[in-house]
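Dear colleague,

Please find below the structure that I am handing over to you. I would be grateful if you kept it open while reading the notes that follow.

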Amino acid sequence: MIGLIDTHAHIDGDSFDEDRHDMIQRAFDNGLEAIIIPAIESKNYDKIIHLCDNYPQIYCGMGIHPHNVANATDLDIELVKQYADHKKVIAIGEIGLDYYYDFAPKEIQKNMFSKQLILAKQLN
């Protein structure tokens, strides 16, 4: 039987800084078996990896969210690739296209999404 997994939990956010450990413990005490944190920008990668390293049931994806691609470069894609080698990184994400808000031009979003898809395919 497959257990309950939260596949999209931004528990690395600053709003959890005061009680993150207690919140995580409550989640696992109430039947959650694993959490996957989707990274959205490189400035949080270290924090996410640190969380994953401190909890055996927490994993992550590495990526650049479409809201954060406006100033992203190929160096950011290289960072995603480097972090993807970590044993707790199980996906490339959070990636995609998001045209609802105007945080990044559509062409930049498409370009970065394509690069991250290619990377995900390369890394399997």
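In this predicted model, the axes of helix 2 (residues 45–54) and helix 3 (residues 74–83) come within 12 Å and cross at roughly 10°. Angles under 35 degrees count as roughly parallel, and helix 2 and helix 3 are therefore described as roughly parallel to each other. On the side of helix 2, the contact is made by Tyr45, Asp46 and Ile49; helix 3 contributes Leu79, Val80 and Tyr83. Sorted by class, the residues of this contact comprise five nonpolar, no polar and one charged.

Four strands form an open sheet, arranged in the order 1-2-3-4, and their pairing is parallel. Which strands stand at the edges? They are strand 1 (4–6) and strand 4 (89–92). Each of these has a single partner strand, so one side of each is left without a neighbour in the sheet. From one strand to the next, the twist averages 25°.

Strand 1 and strand 2 (residues 32–38) run parallel and are joined by three bridges. Leu4, for example, has Leu32 in strand 2 as its bridge partner.

Finally, helix 2 also has a place against the sheet: it lies across strand 2, strand 3 (58–62) and strand 4. Relative to strand 3, helix 2 runs at about 155°.

Yours sincerely,
A colleague

Key
Residues are numbered from 1 along each chain as its sequence is written. This is a predicted model: local features need pLDDT of at least 70, side-chain atom pairs count only at pLDDT 80 or more; totals for chains, interfaces and linings use all residues. Side-chain values use heavy atoms; hydrogens and water are left out. Axes are lines fitted to C-alpha atoms, for helices over the stretch in contact, and angles run from 0 to 180 degrees between N-to-C directions. Helices (H or I, at least four residues) and strands (E, at least two) are DSSP runs, numbered from the N terminus. Angles under 35 degrees count as roughly parallel, over 145 as roughly antiparallel, 65 to 115 as roughly perpendicular and the rest as oblique. Contact means heavy atoms within 4.5 Å. Ala, Val, Leu, Ile, Met, Phe, Trp, Tyr, Cys and Pro count as nonpolar, Asp, Glu, Lys and Arg as charged, and the others, Gly among them, as polar. Two strands pair if DSSP finds at least two bridges between them.
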